[in-house]
Amino acid sequence: MCSSDLDALAAALAQSGSDAATEAVVLTGAGEKIFSAGIDVKNPDNLPHEALAARRRGAVEHCLEAILAFDKPLLAAVNGYAIGLGFMLALLTDRVIAADTAVFSLPEIDINIPTFLGISMVTRAGGAALASDLVLSGRRMSAAEAYQRALIAEIVPATDLAATVQKAALMLAAKPKAAYALNKQWMKRGLREEFAAANARSAGVQEILAKGK
């Protein structure tokens, strides 16, 4: 995902949130193999490293704010690889349903990038020990393990994913809207501050990374 993709997702969520005809939103990937490969680390505009990093942080912050502000049911249909930021975005939804072929990973450490946001999200969802394991090793986690560790709600064959997620979306959309929104707001309390702190820390480590490369 490049910065423009994240901005587009934020805009789509904002529009859906204000559209009375939209009762739930499902995030999924195109095709059958990838839910999201994470943030695009390429630099087609040849920006200075710090400027590129700042652009990415801004786009990520904008997208996360849109997710936190979205009070309607938001589900993830993980149809394949959910890598880096893609994994994080799935964890922020209300319900994650994955194909049995899905794979989850936070591999940023292998390209010399710390993932403070990933640490925060996995710690909240699965505990500090799991966050330490995934973030420091960068290893891949199967859908079966993610389910066992309660990171996802359900695993289904890939051919059943769309129908299963649609059924779940309709079930959540049928709940009283005001109570649903209030529950989400309470569950997300403190996340904005936590994410802001993670982004701020990310902005301050470029020199350290350059020296320790």
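The lining of the second largest pocket draws at least two residues from each of E5, helix H4 (116-126), helix H8 (177-187) and helix H9 (191-203). The model is predicted. One open sheet has parallel pairing and includes E5. Another open sheet has mixed pairing.

**Second largest pocket**

- The volume of the second largest pocket is about 570 Å³.
- Its lining counts 20 residues.
- Nearest the centre of this pocket lie Leu 91, Leu 92, Thr 93, Asp 94 and Met 187.
- H8 is the top contributor to the lining, giving 4 residues.
- By class, the lining splits into 13 nonpolar, 2 polar and 5 charged residues.

**Parallel sheet**

- This open sheet holds 4 strands in the order E1-E3-E5-E8.
- Strand E1 (25-28) and strand E8 (154-156) are at the edges. Each has a single partner strand, so one side of each has no neighbour in the sheet.
- On average, neighbouring strands here are turned by 25° against each other, direction ignored.
- Strand E3 (residues 74-78) pairs with strand E5 (residues 95-99) in the parallel sense. The pairing runs over 4 bridges.
- Ala 76 has Val 96 in E5 as its bridge partner.
- Helix H7 (residues 161-173) packs on this sheet. H7 touches E1, E3, E5 and E8.
- The direction of H7 makes about 170° with that of E5.

**Mixed sheet**

- This open sheet also holds 4 strands, in the order E2-E4-E6-E7.
- Strand E2 (34-36) and strand E7 (140-142) are the edge strands. Each of these pairs on one side only.
- Neighbouring strands in this sheet are turned by 20° against each other on average, again with direction ignored.
- Strand E4 (residues 81-83) and strand E6 (residues 103-105) run parallel. They are joined by 3 bridges.
- Ile 83 has Ser 105 in E6 as its bridge partner.

- E5 belongs to the parallel sheet and supplies at least two residues of the pocket lining.
- E5 is also among the strands that H7 touches.

Methods: Residues are numbered from 1 along each chain as its sequence is written. This is a predicted model: local features need pLDDT of at least 70, side-chain atom pairs count only at pLDDT 80 or more; totals for chains, interfaces and linings use all residues. Side-chain values use heavy atoms; hydrogens and water are left out. Two strands pair if DSSP finds at least two bridges between them. Axes are lines fitted to C-alpha atoms, for helices over the stretch in contact, and angles run from 0 to 180 degrees between N-to-C directions. Contact means heavy atoms within 4.5 Å. On a 1 Å grid over the protein atoms alone, a cavity is a set of points where a 1.4 Å probe fits but cannot get out, and a pocket is an open set with protein on both sides within 12 Å along at least five of seven lines; lining residues have an atom within 4 Å of a point. Grid points are joined across faces, edges and corners, and a volume is the space filled by probe spheres set on the points. Ala, Val, Leu, Ile, Met, Phe, Trp, Tyr, Cys and Pro count as nonpolar, Asp, Glu, Lys and Arg as charged, and the others, Gly among them, as polar.
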